[in-house]
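Here is a short briefing on one protein chain, meant to be read with the model open beside you. Have a look at the picture, then follow the topics one by one.

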Amino acid sequence: MNIRTVRYDHPDARKLDGEVQVEYAERYGEGDLTPMDATHFDPPHGLYLVVYDTDGTPVASGGWRSQERSDEGYEDGDAEIKRMFVVRAARGRGLARHILAALEDSAREAGRVRMVLETGTEQPEAIGLYTSSGYAPVTKFGLYRFEESSRCYAKLLTETTNGTDAVDATVRRP
């Protein structure tokens with residue numbers, strides 16, 4: 001496994017984005033319509049990663065982009081996870097957990113306060129990954145905040161002095 005930082009418009013990132021869009025359409029009837037641009041993921045305001053298998057095949061991706069307080073429900077200091085995806089043939093190998101940890105570390109180093117994400121009820125695997133990684137449900141945000149199937153989660157990237165997550169301080173509960 002080889003994790004590389006790439007731009008969101010890199011050919012391998014675009015290939016994986018096309019595959020995740022097909023999966024979204026299978027699960028929800030359409031792809032994700034959230035506006036995104038390659039520059040959203042440029043450091044230090046974001047990061048985009050692609051995981052390559054030992055033969056050089058791109059098999060997983062994920063990124064984060066900075067968000068600030070807005071009418072869509074984001075808060076100052078948010079780092080929004082986008083396009084976390086593992087191709088079917090590579091699932092069950094822990095790749096998503098590796099990407100998630102790398103994204104959290106990068107966002108923390110960039111001074112982001114809270115990692116946030118939106119997923120949906122038709123992605124129970126994603127919900128399981130995030131909840132088992134310390135993410136808690138929060139008030140919905142983003143393009144799909146009014147959709148019944150939308151689920152939003154957050155995790156603080158900072159810790160209190162006693163080493164425990166200060167979830168209640170900034171994570172908005174639904």
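With 174 residues, a compact globule would have a radius of gyration near 16 Å, and the protein chain agrees with that at 15 Å. The radius is taken over C-alpha atoms, and the globule rule is 2.2 Å times the number of residues to the power 0.38. This is a predicted model, in which local features need pLDDT of at least 70 and side-chain atom pairs count only at pLDDT 80 or more, while totals for chains, interfaces and linings use all residues. Residues are numbered from 1 along each chain as its sequence is written, and side-chain values use heavy atoms, leaving out hydrogens and water.

**Overall build**
- The C-alpha atoms fill a box of roughly 45 × 35 × 30 Å, taken along the principal axes.
- You can find 4 helices and 7 strands in the protein chain, in the order β-α-β-β-β-α-β-α-β-β-α from the N terminus on.
- These elements are DSSP runs numbered from the N terminus: helices are H or I with at least four residues, strands are E with at least two.
- Of the 174 residues, 47% count as buried (buried is under 20% relative accessible area, exposed over 50%, partly exposed in between, with a 1.4 Å probe and protein chains only).

**The nonpolar cores**
- The largest nonpolar core has 39 residues, and those with the most contacts inside it are I81, M84, L103, M115, Y130 and Y135.
- A nonpolar core is a set of buried Ala, Val, Leu, Ile, Met, Phe, Trp, Tyr and Cys residues joined through side-chain atoms within 4.5 Å.
- The largest share of this core, 6 residues, comes from β2.
- Apart from this core lies another, of 6 residues, among them Y74, V116, C152 and A154.

**Two residues to look up**
- M84 touches S61, G62, A96, I99, L100, L103, L129 and Y130, not counting residues up to four places away in sequence; contact means heavy atoms within 4.5 Å.
- S106 lies in helix α2, and S106 counts as buried because its relative accessibility is 17%.
- Beyond its neighbours within four places in sequence, S106 is in contact with L47 and W64.
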